[in-house]
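Biologist: I would like to learn how to read helix packing and a metal site from a model. Could we take the features one at a time?

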Amino acid sequence: MNSLTASIESDDSIAIIDMDDPDLVDESDKPFDDETDEYKSMPQPAKPLKPTKIGYGCVEDMPAQHIRLFAPWIFDPSFRVIEMYQNIISESQIELIIKALKIKDEYEKVKNYFYTVVDILGTDQVAQRVMKRFLEVSPNAAEIKHKIFFARPDILEEAFNVYWDKLLHHPTFDNIIDRICLSMPVEPILEYLKISPEAAYRGVYEKLKYYVEPDTMKNLSLAHKFFVDWKVRCQVLFELITAKPRKHKAEHWYYEFLKACNSSSATRPVAFVLEKDFRDILDKYEIEISQLSKPVHKSTADFVDPSEAPTEPRPQKLFGKYPSYITHEYSANYELRSYQKELTKKANEGLNTIICAPTGSGKTHVAADIIAHHLRKLQHSDKIGRVVMFVPTIPLVNQQSSHLSTNLRPEFYVEKLSGAERATEKGDIRKAATLLKADVVVLTPQIFINMLLSPLRSQKIYLTDFTMFVFDECHHCNEQHPYNVLMNFVRESQYKPQIVGLTASVGDGSDSKSRMNPDNAMEHMVAICARLNADTVTSIRDPDNLIEMQHHVSKPIDEIVTCRPSPNDKFAHEIALTCDYIQDEIHDVLMTLVTDILDFEENLIKLPVIGPNDKNGTSKTSFSYNGKLGALKHNINKRDMDRERRHFLLKAIELLEICHFTLKNNQLMPAKLAFEYLRERIGYAEKFGAYEGGEQGSNTKIGNYMQRLRKMINNIKAKYEKLDAYVKESNSKPIYSKLLSCIEEQFKIDKTSRIIVFVESRKGCVKMAECVTATETIAKTFGSQAVGYIVSVNQSMANFGQTSVTQDRTLKEFRQGHKNILFATSVAEEGLDVAQCNLIIKYNSVGSEKSYIQRRGRARAKNSRSILLAISSYIASHEYNNIMREYLMNICLNNLQTLSETELKKMIFRKKEEIKTALEQERRIENERNRATTLYNLECVICGILICCSNQVARLMESQFICCNPSAWKDTKINQRFDKNFSVKVSSLCGVWLCQCGQKRGEVIKYGEAYLPTLAADGFRLRKQPSNVLEENNKFTWQVVTKKFFPVGSIELEQIRGMINSLSENNIAAYKDAQINEELGICEAVKNLEYEKKQNHALIETY
Ligand SMILES: [Zn+2]
């Protein structure tokens, strides 16, 4: 009993969210680590089995928590509850009720009553007995009896299942209903329901609207008001759960509830407690809802006729009008520098070329000029021109199209298509006409390929519609990249558009494993040229232009300084000892996990300890230590175990994490900041929140655990004095001293210097800026106003974010020289307009090769320098590699260009021939195979149902095997699936295709307009026709199948046509699911792109 009372916050007011609960800590500040993916894929514990029937046939089936949902009716104090339940509940409980009701203070009274009631209804057995009596005798019972059983027809199956899953068996809290019923504000929920488009949800509002009417609560006593509140909270829940939506699915009540909670800051914590990532969940729900209301899109198939393929670009005017701001007047929005003119020269002569120029040299202007020049030239000779710029990612679509539009309007019309557009109310803009009415389009290659292949007139574009291809970031063009797939179409076509590639770093073709090597790098560059059908490489060669370019994109000196932490750091050593102590203290409990939980491996609990020579805490700062803690925490969170033990372990791990981050901070900053951090975090950690009450009872399980935690925390706090004594000595950090001396040195060179220091985390950024400001020498040399910082504007202030006004002001001050030193996180790297600066310092912060170039690209002032300060050789060597790669690329560029034009052409030509031959070879083999004739039936490997015949299988993009039998969709299901690292590929993935028996048949992909089912080789068995003999082979791979049994040819237009509407015609439910999955996949891809961006600058919770 005790544990239950304790589990409800005894705190006043809104106690729904226990901010101290380790489960609820915002993860965004936590570092990424190497082991994240590994522990994500570990097996999850099984949930308790779902009941076979819906709702409760009798009271004996009801769990206590469900009964507590009706507690305010059962224990309505306006009835004689004591008499009613006298023989049902124990005497001591009766006493508790009497005691609670006697309390004078109204507020105390109701709170106590609530806890007492919840306590009484704490176990299934007692709760059921009470419920039985309630139903028999209470005058209240009739009113809600039909709701209590939650049985059909009062509730729908899916609605009940969600209730069962999400409330009764919430993964973290087993008292979620009590939490909601105690303190959730109801007004926002009702306000939300009031305007729901779904009548059933509006009905819930109608039933409860008395509650929000002004008179209802006016004259009630505090105690009475509490009861009304309590009742209404419960009622909102069970009315929603039993609502009978018509437009929505039954289970949607839960998402509507989340949405309602999210509609106000007062109720948002409820959503957060229910689902940590409720925002993601709601995003996905929105997609589902919008798809549900969307009519089935029928391709009533205005199919293209192959004979009508145009041989030259179709004029824009056939596809729509230009926007009014396009006047075709000559635009001169930009002026090219003379080195930029050199870069445009070959392309403007009509050559296919790859332009290599450093970041910051203005390649966008170069591209705009080449495009304008190209279009004007065609116009002069009365020809139609149309340019497409390909970019590798969705964010770049927006960025580049707006650049081009700014530079080319009002003369030329620029359009974009990223693939992230949803087919919205305004109709599908993913149409060929959107592209074809424009002069310039910016898009990702996969959309272009899909449209090239579309059999539908509304979607169809032709290579011949485009006179120039511009490939942005063209170094991506390796064999598998969509750029190359696209170029294969050009290779196999008679029609050849002009091609221009743009890149800042061609790369050297090596990966992290292979060694860098100039020969490989040359080969790599030649191969990219060949794949893109370029004949030449363009870079700046004119000596005057080089000087000019260097003036604009000055090349700073690169320096790497390794500043190892001192080998003896008493402060750090003491913290590391504390880690060992905590690890020791919890070891016995960790061991119980290994013995109690079947697949809880012992190595999960093996945490490293400090060695004999380790006197500076490094054993506890490593990625692997961080990862171990993460994996352990994750497993404790997900495994089935008693709540007390889980809470204890999570709290203890939180303490270890605090030590870990304290040590990390201590490596980079004066120890006083790390100490500050430690005290702040321990201060939060020692609030046990929900468990506070349990601490006193040492004879209870939770009490015992809480006392052990208390002991550990006290142990840490007892060290404060000692630590404080060490701080002074540990304040000096080699890396920090070096930072200060770098700044001072720079000041000696130039008193007006601008310096940017890149730091990994927002917190670190803010704290470092504060700390440096407070440094005497800095204040003396630059003045106390000289230091500023810029961090993400997307974060709240509490998360060390910044408003955009503040950020703009800081940047302005920096530009104008009122501030000289700017601390920045990666936001500054991603295109903020940072003024010319003389010194870039990367403070133990690594990035990719590209980010290396970009960060350095910020150092634009003449003679500017870029310095990396690193505490380990790992970071230093990573950066060194980046430098080498760029250096190598420049050597190659020089080498390539000292070759005579003809020689280079020859090399590229040879490579082109190689690629062409390989492609032809592939096609030939394919055709030969197609002539074989034995037929097989493909049957489901489990249930034996016929999927299709071997001649209905076709190959798409070389590696996808498509089932071209429209009726194969029947009775199948499509389940959501996309990889965590999913990025929009040539064809997008729309789910897993499942047989009627549940066996996976393959995947569903979207190709142009058509949903196509792919076949996994292990999903079917083969029956030879006409003999009907089953092939004995249960280890099919497609390689085996196509070699031994039947060949598979490339998919033909007719086959795509046959499949195009087949899903919606044969299986409407699956069609909807495929649509939803497709949208979710795109969402995921966009998110991944952003995540990738973030991950490159791994955020670490350093100070
Ligand atoms: Zn089957």
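Modeller: We can start with a crossing: α23 passes α24 in a left-handed crossing. The contact is formed by Pro445, Gln446, Phe448, Ile449, Leu452 and Leu453 on α23, and by Pro482, Tyr483, Val485, Leu486 and Phe489 on α24. Bear in mind that this is a predicted model.

Biologist: At what angle do helix α23 and helix α24 pack, and how far apart are their axes?

Modeller: Two packed helices are described by the angle between their axes and the distance between the axes. Here helix α23 (residues 445-453) and helix α24 (residues 482-491) pack at about 30 degrees, and their axes are 9 Å apart. Angles under 35 degrees count as roughly parallel, so α23 and α24 are roughly parallel to each other.

Biologist: What are the angle and the axis distance for helix α33 and helix α34?

Modeller: The axes of α33 (residues 734-749) and α34 (residues 762-773) cross at roughly 60 degrees and come within 12 Å. The crossing of α33 and α34 is right-handed. Tyr736, Leu739 and Leu740 of α33 make the contact with Met768, Cys771 and Val772 of α34.

Biologist: Now the metal. Which residues coordinate the zinc ion?

Modeller: The donors are the SG atoms of Cys940, Cys943, Cys995 and Cys997, at 2.2 to 2.3 Å. Along the chain these donors follow the spacing C-x2-C-x51-C-x1-C. Cys940 and Cys995 link distant parts of the chain, being 55 residues apart. Cys940 sits in strand β14 (residues 935-940), while Cys995 is in the loop between β19 (988-994) and β20 (1000-1007).

Biologist: Are Cys940 and Cys995 buried or exposed?

Modeller: Both Cys940 and Cys995 are buried.

Biologist: What geometry does the site of the zinc ion have?

Modeller: Ideal angles at a metal are 109.5 degrees for four tetrahedral donors. In this model the angles among the four donor atoms of the zinc ion are 105 to 113 degrees, and the site is tetrahedral.

Biologist: How many residues of helix α16 are buried?

Modeller: Eight of the eleven residues in α16 (residues 252-262) are buried, leaving the helix mostly covered. The buried residues are His252, Trp253, Tyr254, Glu256, Phe257, Leu258, Ala260 and Cys261.

Biologist: And what are the totals for the protein chain?

Modeller: The secondary structure comprises 43 helices and 24 strands. Of the 1103 residues in the protein chain, 56% are buried. Among contacts with a separation of 6 or more, 76% are between residues 24 or more positions apart.

Conventions
Residues numbered from 1 in each chain as written. Predicted model: local features only at pLDDT ≥ 70, side-chain atom pairs only at ≥ 80, totals over all residues. Heavy atoms only, no water. Donors = N, O, S within 2.8 Å, 3.2 Å for Na, K, Ca; no water. Tetrahedral: all angles 85-135°; square planar, octahedral: opposite > 155°, others 65-115°. Helix = DSSP H or I, 4+ residues; strand = E, 2+ residues; numbered from the N terminus. Buried < 20%, exposed > 50% of the residue type's maximum accessible area, 1.4 Å probe, protein only. Axes fitted to C-alpha atoms, helices over the stretch in contact; angles between N-to-C directions. Parallel < 35°, antiparallel > 145°, perpendicular 65-115°, else oblique. Left-handed = near helix turned anticlockwise from the far one by under 90°. Contact = heavy atoms within 4.5 Å.
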